[in-house]
Amino acid sequence: MEGVVVGSVVWIGGPPGAGKTTMARLLARRYGLRRYSADVHTWEHRDRALAAGHAAAARWERLPPDERWSRPPDELLAMSLHRERGPMIAEDLRALPRAPLTVAEGTPVTPGVAGAGDRSVWLMPTPQVQRARLAERGIGAGVSALYRLLLEEIEAEVARAGARTLVVDGTRSVADTFAEVEKLFADALAVGPLAGSAAERARLLRYANRAVVRQHAAYFARPWTVGDLAGTVRLLACECGAADCDAEVPLALADFPDPPDDPAPGADEPAFPPVLAPGHGGHRELWRGPGGGTPGR
């Protein structure tokens, strides 16, 4: 499995609270990479597990939401699909274009999927750092228990594989941690391929934003959920495509200009206007309607 995608992907693993998403976002924006976040494919993966008759996935869906997080630790870990989702991530990545390079991050990224070479690293927070970060997010007791268990599980997986780690102990700033990640992936970044133009970068940002909307649409499709896309506001990446832009745009997901079921996953050609931060210009050659005309702005 590793050999199928290793040449087109760099991997960032680690438990919840490690800073994986932040590092992957910075890496993708600075270098022009496609960013694949396992979190935004959670419900797709759960639906695949349900279709395959996975017992723990079905049990999790059947349990009332307020009862799920009181289950014993072994059951919580099984229902998280930590081991099962790794192969699904690899399947997703095989379906993506080989260029530019993809940075894939997520808790279910295991050494068995990503390998233990120089294209992968696991960010490992100390228990104290993880607890503090989860508390800042307002994570409940049951979810926190699972996340602490995942820290132990991933530590053991990485140790068995002899994979590369970067300890997150609270002594480095975000910028310092990112500098370390850049060094670790320097060879892979030198080889690339990287997005070379604002137009390419804009397409990659649309891919990442569309994945966020798809994730929420799949969640709200479940019978036990409350809410909808219209009432859900999230920060989406500005799609102006400028290499130095790291702006985010608060947007009700129902207002996302590209329906989440069109085009297909992995498609790069946007057919609708870009999501733009105030004062940021888009690229008129990119945002063409189905008939080839450029939508007015």
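Q: How many helices and strands does the protein have?
A: The predicted model contains both kinds of element. The count is 13 helices and seven strands.

Q: What share of the protein's residues count as buried?
A: Buried means under 20% relative accessible area. The protein has 297 residues. The share that counts as buried is 49%.

Q: Among contacts between residues at least 6 apart in sequence, what percentage join residues at least 24 apart?
A: A contact needs heavy atoms within 4.5 Å. Of the contacts between residues at least 6 apart, those joining residues at least 24 apart make up 72%.

Q: Which element gives the largest share of the lining of the second largest pocket?
A: This pocket has a volume of about 290 Å³. Its lining has 15 residues, and A18, G19, T22, R133 and V174 are the closest to its centre. Elements giving two or more residues are α2 (20-31), α9 (127-137) and α11 (174-184). The largest share, five residues, comes from α9.

Q: How do the lining residues of the second largest pocket divide into nonpolar, polar and charged?
A: Gly counts as polar in this division. The lining holds six nonpolar, five polar and four charged residues.

Q: Is P223 buried or exposed?
A: P223 sits in the loop between α13 (198-220) and β6 (233-237). Its relative accessibility is 80%. The cut-off for exposed is over 50%, so P223 counts as exposed.

Q: How far apart in space are P223 and E61, C-alpha to C-alpha?
A: In sequence, 162 residues separate P223 and E61. In space, their C-alpha atoms are apart by 9.5 Å.

Methods: Residues are numbered from 1 along each chain as its sequence is written. This is a predicted model: local features need pLDDT of at least 70, side-chain atom pairs count only at pLDDT 80 or more; totals for chains, interfaces and linings use all residues. Side-chain values use heavy atoms; hydrogens and water are left out. Helices (H or I, at least four residues) and strands (E, at least two) are DSSP runs, numbered from the N terminus. Buried means under 20% relative accessible area, exposed over 50%, partly exposed in between (1.4 Å probe, protein chains only). On a 1 Å grid over the protein atoms alone, a cavity is a set of points where a 1.4 Å probe fits but cannot get out, and a pocket is an open set with protein on both sides within 12 Å along at least five of seven lines; lining residues have an atom within 4 Å of a point. Grid points are joined across faces, edges and corners, and a volume is the space filled by probe spheres set on the points.
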